[in-house]
Structure formats: structure tokens, C-alpha cells
Amino acid sequence: CLIILITIKRNKTIFQFSKYSLIGLTSLTIDFVVYFTLQYLFGVSASLSKVVSFIFGSLNSFILNRKITFNSKDRNLGQLVRFISLYTVSLFFNSITHNYFLDYNVDFLPIISATIVSVGINFSGQKYWVFK
């Protein structure tokens with residue numbers, strides 16, 4: 001177990017992805033809570049609930065990944081603009097994936113599949129473009 005931790009710590013990308021994943025679980029929790037609260041408690045459509053929940057999870061992701069995962073000290077507007085651009089693209093693919101899988105009427109399939117698509121886009125985009 002110690003060898004695995006040392007190996008992860010030595011490989012910067014794996015270490016960053018590990019931190020990104022933990023923060024992602026927090027963001028995912030926010031996403032799920034907002035999604036189901038809007039949809040089941042307030043009767044908002046599944047598609048609109050997904051968009052709003054994605055935005056809340058994304059805000060959490062920006063704040064925590066900037067500080068913890070990528071240790072960015074920059075506070076320039078360009079970083080925020082790149083993040084918003086990345087997440088706009090990610091939201092597009094997230095929504096398409098979510099809506100595609102809604103047709104299968106499997107409870108968690110739409111949100112899980114949409115999240116998997118977003119993870120790939122967002123980690124790569126944040127590492128190599130937003131917080132480089």
C-alpha cells in the first residue's frame with residue numbers, strides 16, 4: 001500500500017488525477033443533490049435539472065481544483081474564461097449524453113454516463129489548458 005502511495009506521489013499526473021477524483025466526488029455529490037432536489041422535490045424537468053446541477057458542481061470544481069489539484073496562484077480573468085469555455089463544451093456533451101440515455105429509462109444511467117464523459121473532458125482541459 002505504501003509503495004502504491006509513493007508511486008502515485010511521484011507521478012504528477014496520477015497524483016493530480018487522484019486529487020481531482022476526490023474533489024470530483026464532492027462535485028458529483030453536489031450535482032446529484034441539486035439534480036434530484038430540483039427534479040423530485042420541485043418538479044423541474046430532468047433536462048433543466050441536469051443543467052443547473054452541472055453548474056453547481058462546476059463551481060465547486062473550479063474553486064477546489066484551482067487551489068488543491070493544480071495549485072494555481074493565478075487570479076487572472078483568463079483562467080476563469082478558459083474554465084467557463086471548457087465547461088460550456090463539457091456541458092454540451094454532458095447534456096447530449098444525459099438526454100440520449102434518458103430514452104433507456106434506467107434510473108442512474110443518464111447521470112452516470114454524462115458524468116463519465118465530463119470527467120475525461122474536464123480533467124484534460126483543466127490540466128493542459130485552464131490551469132497549465
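So, the buried residues of helix H2 are Gln16, Lys19, Tyr20, Ile23, Ser27, Asp31, Val34, Tyr35, Leu38 and Gln39. By buried I mean under 20% relative accessible area, with exposed being over 50% and partly exposed in between, using a 1.4 Å probe and protein chains only. The helices here are DSSP runs of H or I with at least four residues, strands are runs of E with at least two, and both are numbered from the N terminus.

Before I go on, this is a predicted model, with residues numbered from 1 along each chain as its sequence is written. Local features need pLDDT of at least 70, side-chain atom pairs count only at pLDDT 80 or more, totals for chains, interfaces and linings use all residues, and side-chain values use heavy atoms, with hydrogens and water left out.

Back to H2. What covers those buried residues? The cover includes H3, H4 and H5, where contact means heavy atoms within 4.5 Å. And how does the length of H2 work out? At 1.5 Å a residue, its 31 residues should span 45 Å, and the end C-alpha atoms are 43 Å apart, which agrees. That expected span is 1.5 Å times one less than the number of residues. After H2 comes Gly43, with a positive phi near 70°.

Now H5. Its buried residues are Pro110, Ile111, Ser113, Ala114, Thr115, Ser118, Asn122, Phe123, Gly125, Gln126, Lys127 and Val130. H2, H3 and H4 are among what covers them. For length, the 22 residues of H5 should span 32 Å at 1.5 Å a residue, and its end C-alpha atoms are 29 Å apart, so that agrees too.

Let's look at the core. The largest nonpolar core has 11 residues: Tyr20, Phe54, Phe62, Phe70, Phe83, Leu86, Tyr87, Leu91, Phe123, Val130 and Phe131. H3, H4 and H5 each supply at least two residues of this core, and the largest share, four residues, comes from H4. A nonpolar core, for us, is a set of buried Ala, Val, Leu, Ile, Met, Phe, Trp, Tyr and Cys residues joined through side-chain atoms within 4.5 Å. Take Leu86, one of the core residues. Leaving aside neighbours within four places in sequence, Leu86 is in contact with Ile121, Asn122, Gly125, Gln126, Trp129 and Val130.

On to the pockets. We use a 1 Å grid over the protein atoms alone: a cavity is a set of points where a 1.4 Å probe fits but cannot get out, while a pocket is an open set with protein on both sides within 12 Å along at least five of seven lines, and lining residues have an atom within 4 Å of a point. Grid points are joined across faces, edges and corners, and a volume is the space filled by probe spheres set on the points.

The largest pocket has a volume of about 330 Å³. It is lined by 20 residues, and Tyr20, Gly24, Ser27, Thr115 and Val119 lie nearest its centre. Which helix gives the most to that lining? H2 does, with nine residues, though H2 (12-42), H3 (46-69), H4 (77-102) and H5 (109-130) each supply at least two. By class, the lining of the largest pocket has eight nonpolar, 11 polar and one charged residues. In that count Ala, Val, Leu, Ile, Met, Phe, Trp, Tyr, Cys and Pro are nonpolar, Asp, Glu, Lys and Arg are charged, and the others, Gly among them, are polar.

The second largest pocket has a volume of about 210 Å³. Its lining includes Phe54, Ile55, Ser58, Leu80 and Phe83. H3 and H4 each supply at least two lining residues, with the largest share, six residues, coming from H4. The classes here are nine nonpolar, two polar and no charged residues.

Asn71 sits in the loop between H3 and H4. Its phi is near 45°, a positive value in a residue other than glycine. Most residues other than glycine have a negative phi. Is Asn71 buried or partly exposed? At 47% relative accessibility, Asn71 counts as partly exposed.

Ser72 lies in that loop between H3 and H4 as well, but at 11% it counts as buried. Not counting residues up to four places away in sequence, Ser72 touches Arg66, Gln79 and Phe131.

Last one: Ser49, in helix H3, counts as buried at 0% relative accessibility. With residues up to four places away in sequence left out, Ser49 touches Tyr35, Leu38, Gln39 and Val44.
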